[in-house]
Amino acid sequence: MTNTDYQKKTRKELEQLLTQKQCRFAQELDKGCDAVEAVIRAGYKRKYAQKTASELLNDEKVSAYRRVCAREEYAALGINDKRWQKGS
């Protein structure tokens, strides 16, 4: 699946493609944690936190999930997509 395919998915569809730890990682990042701390809070091993954080930050599914979650939060606040999308 390509990044474009992931962008077309809903939050629920993406949650089904991700593990619980991946979802939790994204949620912790969105709470303001740095990537390494988010990995640890998500339940990954501390010993490999730096490597795991790097891998998850580059994962297309995780990135798409974070975008969908952000889009939903902005919509709930009444913020138009065009105000926060790149290039607008």
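User: Which residue forms a salt bridge with E37?

Analyst: The model is a predicted one, in which local features need pLDDT of at least 70, side-chain atom pairs count only at pLDDT 80 or more, and totals for chains, interfaces and linings use all residues. Residues are numbered from 1 along each chain as its sequence is written, and side-chain values use heavy atoms, with hydrogens and water left out. A salt bridge is a side-chain nitrogen of Lys or Arg within 4 Å of a carboxyl oxygen of Asp or Glu. With its closest N and O atoms 3.2 Å apart, the partner of E37 is R41.

User: In which helix do E37 and R41 lie?

Analyst: Helices are DSSP runs (H or I, at least four residues), numbered from the N terminus. E37 and R41 are four residues apart, about one turn of the helix, and both lie in helix 4.

User: Is E28 buried or exposed?

Analyst: Buried means under 20% relative accessible area, exposed over 50%, and partly exposed in between (1.4 Å probe, protein chains only). R24, at 37%, counts as partly exposed. E28 has a relative accessible area of 2%, so E28 is buried.

User: Which residues does E28 touch, not counting residues up to four places away in sequence?

Analyst: Contact means heavy atoms within 4.5 Å. E28 is found in helix 3. Leaving out residues up to four places away in sequence, E28 touches C33, A38 and R41.

User: How many residues apart in sequence are the parts tied together by R66 and D30?

Analyst: The side chains of R66 and D30 meet in a salt bridge, 3.0 Å from N to O. R66 lies in helix 6 and D30 in helix 3, so the parts that this pair ties together are 36 residues apart in sequence.

User: How many salt bridges does the structure hold?

Analyst: The pairs treated above include E37 with R41 and R66 with D30. The count for the structure is nine.

User: Which elements give two or more residues to the largest nonpolar core?

Analyst: A nonpolar core is a set of buried Ala, Val, Leu, Ile, Met, Phe, Trp, Tyr and Cys residues joined through side-chain atoms within 4.5 Å. The largest one has 22 residues, and those with the most contacts inside it are L14, F25, V39, L56, V62 and Y65. The elements giving two or more residues to this core are helix 3 (20-30), helix 4 (35-42), helix 5 (49-57) and helix 6 (60-76).

User: Why do the buried residues of helix 5 line one face, and which helices do they pack against?

Analyst: The buried residues of helix 5 are A49, T52, A53 and L56. Seen down the helix axis, they fall within an arc of 100 degrees (taken over the directions from the axis to the C-beta atoms), so they line one face of helix 5. The face turned away from this buried side carries the exposed residues Q50 and K51. The buried residues of helix 5 pack against helix 3, helix 4 and helix 6.

User: Which ring does the charged end of K21 sit over?

Analyst: A charge sits over a ring if NZ of Lys or CZ of Arg is within 6 Å of the ring centre and within 35 degrees of the ring normal. The charged end of K21 is 5.3 Å from the ring centre, and the ring is that of Y44.
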